[in-house]
Amino acid sequence: MRKTWSIALAIAILAAAAAAAAPAGASPEASPETVNWGPCPADAAAPGLECSTIKVPLDYDDPGGKRIDIAISRLASKNPGQRRGVLLTNPGGPSAGLKFPADLRTAKMPQAVLDSYDLIGFDPRGMGHSTPVTCDLTPEQSAVGNVPPYARDAADVAKRAEQSKAIARQCAASKSAWMLPHVSTANTARDMDSIRAALGEKKISFAGYSWGTHLGAVYTTLYPQRSDRIMLDSNVGPDGWDYANDRLYAQGFDDRFPDFAKFAAANSATYGLGSTPEQVTAKYFDLAARLDKAPVRDVDGPTFRMLTYGFLFNDLGMPLVGKIWQALDKDQPLPPMGPDAPPGIENLVSGRYYMICNDSRWPGSVGTYQRTVAIDRLRHPMFGAAGANVQPCAFWSAPADPPVRVGDRGPSNVLMLQNQRDPATPLAGAEKLRRAFGDRARLVTVDAGGHGVYPYVGNKCADTAATTFLLTGERPKHDLACAAEPR
């Protein structure tokens with residue numbers, strides 16, 4: 001159904017120790033290979049954007065063995081006299097990023113930055129136009145977003161566990177299972193270094209968002225001396241996307257929801273959801289309880305909670321959330337919720353499972369999830385029973401890739417940007433990453449809600465800090481808190 005795909009899209013559009021900085025299998029210095037730039041695939045085409053493909057090792061411990069394709073793109077600087085290098089980019093997800101340089105231009109990335117760098121995009125291994133993976137997912141399986149469904153009780157957890165087991169089995173039995181042990185954040189970071197070498201660059205700068213912040217943190221940990229200016233926006237914690245990170249979605253919802261409650265209360269004449277934030281909050285629990293008992297317009301309680309969460313990633317979604325609540329409250333037709341599933345969604349969801357499930361160990365006992373869901377439902381009654389629910393990673397067959405421990409060894413060249421009320425990558429995770437980086441990083445927080453800071457929020461304080469860093473390498477002397485500004 002259209003509403004189900006919208007949930008997945010709303011959430012998807014959403015981001016070794018330093019002593020082992022020269023790990024086994026690290027990509028070697030190499031002579032630049034010939035990169036033949038040409039037209040981009042139709043789904044990534046944009047004015048001025050060029051595309052190509054490079055070959056990288058499937059297994060960096062066996063560099064002479066099987067090789068796979070990594071699709072790359074370039075939005076070249078049109079000011080050769082001002083160009084200083086390349087800025088690799090990643091939009092998070094994990095998802096395809098071939099078109100992301102053009103998307104940043106559309107989002108009003110400052111022209112001075114576009115002049116100073118060739119913006120480089122790429123599809124991570126396993127995804128998009130890189131050598132793809134599959135789990136042979138059905139449309140219903142592909143429609144589940146990054147966050148598992150809200151579990152109303154232990155039976156819901158058990159049901160989700162069976163669904164997750166099926167997905168894990170399908171991934172292990174798929175025609176691309178030969179790639180299963182090798183799709184990881186660490187290997188994607190090694191692919192980034194292969195891109196650097198192919199382009200003939202001694203160093204690369206990086207702009208990563210959401211899950212892309214973890215990718216950037218891993219890259220600059222593995223390759224500190226090949227990292228130029230590392231900008232991380234909407235930050236995942238230092239351990240990446242593990243079960244503890246999933247449970248943080250509850251905190252993200254708690255942080256973000258008051259923004260919507262204020263909006264709905266200020267527009268009570270339009271939506272009729274309450275004239276105070278407290279009344280709007282009470283309406284949330286009332287609707288959730290009613291829909292748990294009897295769905296309306298095919299929307300049950302877990303779907304209602306997920307719709308609310310997914311469309312609060314951006315302030316522009318608040319009117320839609322208000323209309324959804326209004327329709328459900330009065331049993332009226334639901335408003336349009338966006339496009340149908342994009343082409344290739346099965347591959348992107350499969351690639352996400354390959355990536356995050358290989359990165360870390362998840363609890364394997366259904367009983368553990370049932371207990372944790374019960375705890376988080378009490379601690380975070382609005383949304384805690386969603387993030388604590390089961391993912392296919394609980395039943396993963398491939399061994400986890402050895403974790404890369406983000407630390408404070410390396411140049412002080414990391415700038416972190418973070419909204420205070422980010423539902424997808426909460427401030428709590430960003431603060432953990434900041435502590436892990438030590439003096440390598442500076443953290444710029446913005447008194448704003450939503451997912452994504454630069455250049456999306458339009459906060460002059462944060463934008464100035466980010467642009468100055470990318471153009472000059474200068475960071476704030478200390479962590480910086482930016483006040484709220486009209487949006």
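Contact here means heavy atoms within 4.5 Å. On that basis, in this predicted model, Arg256, Phe257, Asp259, Phe260 and Phe263 of α8 meet Met318, Pro319, Val321, Gly322 and Trp325 of α12. Sorted by class, the α8 contact with α12 comes to seven nonpolar, one polar and two charged residues.

As for the geometry, α8 covers residues 243–266 and α12 covers residues 318–330, and the two pack at an angle of about 75 degrees with axes 10 Å apart. Angles of 65 to 115 degrees count as roughly perpendicular, so that is what α8 is to α12.

On the α5 side, the contact is made by Ala154, Val157, Ala158 and Ala161; α14 brings Val366, Tyr369, Gln370 and Val373. The class tally for α5 with α14 is seven nonpolar, one polar and no charged residues.

## The annotated C-terminal domain

UniProt, in an unreviewed entry, lists residues 381–482 as "domain: Peptidase S33 tripeptidyl aminopeptidase-like C-terminal". In the model, this span is 27% helix and 20% strand, and its end C-alpha atoms are 30 Å apart.

Mean pLDDT for the protein chain is 92, with 93% of its residues at 70 or more. Residues 1–31 are another story: pLDDT stays under 50 there, though the model has 88 contacts beyond four places in sequence for them.

Terms used
Residues are numbered from 1 along each chain as its sequence is written. This is a predicted model: local features need pLDDT of at least 70, side-chain atom pairs count only at pLDDT 80 or more; totals for chains, interfaces and linings use all residues. Side-chain values use heavy atoms; hydrogens and water are left out. UniProt positions are given in the numbering used here, feature names are shortened, and annotations may be inferred rather than shown by experiment. Helices (H or I, at least four residues) and strands (E, at least two) are DSSP runs, numbered from the N terminus. pLDDT is the predictor's confidence in each residue, from 0 to 100. Ala, Val, Leu, Ile, Met, Phe, Trp, Tyr, Cys and Pro count as nonpolar, Asp, Glu, Lys and Arg as charged, and the others, Gly among them, as polar. Axes are lines fitted to C-alpha atoms, for helices over the stretch in contact, and angles run from 0 to 180 degrees between N-to-C directions. Angles under 35 degrees count as roughly parallel, over 145 as roughly antiparallel, 65 to 115 as roughly perpendicular and the rest as oblique.
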